[in-house]
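The sequence and coordinates come just ahead of the points.

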Amino acid sequence: MWLFVFFDLPVGTKKQRKLATRFRKDLIKDGFTMMQWSVYTRHCASRESADVHEKRVLNFLPDKGQISILRITDKQYGGMVNVWGAQIMASETAPQQLELFQ
C-alpha cells in the first residue's frame, strides 16, 4: 500500500515558511519521499502501517493550509504513468525489504 500526501501550505510570512518547511521535514523523517514539490509518497507494508503513518502526518499538520492523504494499492501504484519531459519512466516498485522498526 502507498500513502500519498498532497498539500498546499501558505508561505506568505516567515513563520508560515518555517511551518511549511517543518512539515516537509517531518514527512521526510517519517520515511516519505518527494514525488513533486507538494506531493510526498511512502510505501507501507500493511493497512496497519498505513494507519500509523497517516496518524503521524495528522499529528504534525500546520494550523493553516490544505492537506490531503490518499491510499492506493501496490497494483494501482504500478499502473501509474510517469513522464519526465518526453521520456516515459516506470513507476517506483514496492520495496521488497520488510520494515521492522519505524
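**Salt bridges, point by point**

1. Arg71 is partly exposed, with a relative accessible area of 27%, where buried means under 20%, exposed over 50% and partly exposed in between (1.4 Å probe, protein chains only). This is a predicted model, in which local features need pLDDT of at least 70 and side-chain atom pairs count only at pLDDT 80 or more, while totals for chains, interfaces and linings use all residues. Residues are numbered from 1 along each chain as its sequence is written, and side-chain values use heavy atoms, with hydrogens and water left out.

2. Three salt bridges are found when the whole structure is searched, a salt bridge being a side-chain nitrogen of Lys or Arg within 4 Å of a carboxyl oxygen of Asp or Glu.

3. Arg71 and Asp51 form a salt bridge at 2.6 Å, N to O. This pair links distant parts of the chain, with Asp51 in helix α2 and Arg71 in strand β4 (residues 66-72), 20 residues apart; helices (H or I, at least four residues) and strands (E, at least two) are DSSP runs, numbered from the N terminus. Asp51 is partly exposed, at 33%.

4. Arg71 also meets Glu54 in a salt bridge (3.1 Å, N to O). Because Arg71 lies in strand β4 and Glu54 in helix α2, the pair ties together parts that are 17 residues apart in sequence. Shared partners join Asp51, Glu54 and Arg71 into one network of salt bridges.

5. Arg56 forms a salt bridge with Asp30, with the closest N and O atoms 2.7 Å apart. Arg56 belongs to helix α2 (residues 47-59), whereas Asp30 sits in the loop between α1 (14-29) and β2 (33-36), 26 residues apart. Asp30 counts as buried at 6% relative accessibility, while Arg56, at 27%, counts as partly exposed.
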